[in-house]
Amino acid sequence: MISNEQLIEDFRNGIFALNTRRFGTVAEIMIRRLYGFCYSNAVAYDLYDPRKELKIEVKFSRATKENETRISENNVIEQCLAALSLENRILMSNETDYYSFDSNIQQVKPLCFDYLFYGLFFADHVEIYGIDSADVANIPGFSGRQHYGNDGEGQFHLNESTISFHRDHCFQKELTYIELYNLLNC
């Protein structure tokens, strides 16, 4: 029989192991259930708030420590095997001043939504931030041109240099993995 503690740890590790699109779906479901939003009928944004008639976009990333070693022809197998150990890679929320990390929030199209929920999945909890679409351009390091010739689609990074801005100006909520599990298990 698996303990509740082990179940929550496995749940968290499973979130970190999901491919990008599936991970994004978990974040969308989390935000929808937390705030009572509806799914969008449009492809330009993820959710809809019928009470305020707002188009909601959801973008999250996993906080992982930067790898100190680059992959090369000489260490490719070693680096692939080392990537299996989540405990060595995922960042605790209180380690943001001690480790380099870079979580990229990308494909942000402020003209397509009214409000952006974004955040980080840390080892110990999830931090949820939010910002009006009109203010996205004021995020430190925001680039409105993610790809060459692709105006209107941008990106920004949450890292050791910018995390204080997000925590100080955009913080909405924090969820433990037990709270997230319970939210998703109803």
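How many bridges join strand S3 to strand S5, and do the two run parallel or antiparallel? Strand S3, residues 54-62, is joined to strand S5, residues 115-121, by seven bridges, and the two strands run parallel; one of the bridge pairs is Lys 59 with Tyr 118 in S5.

Before going further, a word on the source: this is a predicted model, in which local features need pLDDT of at least 70 and side-chain atom pairs count only at pLDDT 80 or more, while totals for chains, interfaces and linings use all residues. Residues are numbered from 1 along each chain as its sequence is written, and side-chain values use heavy atoms, with hydrogens and water left out.

Let me turn to the chain as a whole. The protein chain has six helices and eight strands, where helices (H or I, at least four residues) and strands (E, at least two) are DSSP runs numbered from the N terminus. Read from the N terminus, the order of elements is α-α-β-β-β-α-α-β-β-β-β-α-β-α. The radius of gyration, taken over C-alpha atoms, is 17 Å, close to the 16 Å that the globule rule (2.2 Å times the number of residues to the power 0.38) gives for 186 residues, so the chain is as compact as a globular protein of that length. Along its principal axes the C-alpha trace spans about 50 × 45 × 30 Å. Of the 186 residues, 41% count as buried, buried meaning under 20% relative accessible area, exposed over 50%, and partly exposed in between, with a 1.4 Å probe and protein chains only. Contact here means heavy atoms within 4.5 Å, and among the contacts with a separation of 6 or more, 68% come from residues 24 or more positions apart.

Now the sheet. Six strands form an open sheet in the order S1-S2-S3-S5-S6-S8, with mixed pairing, and two strands are said to pair if DSSP finds at least two bridges between them. Its edges are strand S1 (38-39) and strand S8 (171-176), each of which pairs on one side only.

Next, helix H2, residues 20-35. At the start of H2, a side-chain oxygen of Asn 19 comes to within 3.2 Å of the backbone nitrogen of Arg 21. The buried residues of H2 include Phe 23, Val 26, Ala 27, Met 30 and Ile 31. As background, an α-helix has 3.6 residues a turn, so residues three or four places apart point the same way. After H2 comes Gly 36, with a positive phi near 70 degrees.

Two further residues deserve a look for their backbone angles. Most residues other than glycine have a negative phi. Glu 53, although not a glycine, has a positive phi of about 55 degrees; Glu 53 sits in the loop between strand S2 (47-49) and S3, and is exposed at 58% relative accessible area. Gln 107, in strand S4, also has a positive phi, near 55 degrees, and at 39% relative accessibility counts as partly exposed.

Finally, where does Ser 93 lie? Ser 93 is in the loop between helix H4 (86-89) and strand S4 (102-108), and is buried, with a relative accessible area of 9%. Leaving aside neighbours within four places in sequence, Ser 93 contacts Phe 122, Asp 124, His 125, Glu 127 and Arg 167. The C-alpha atoms of Ser 93 and His 125 are separated by 7.3 Å, although the two residues are 32 residues apart along the chain.

Technical notes:
Polar contact = N/O pair within 3.5 Å; in protein donor to acceptor, adjacent residues only side chain to side chain.
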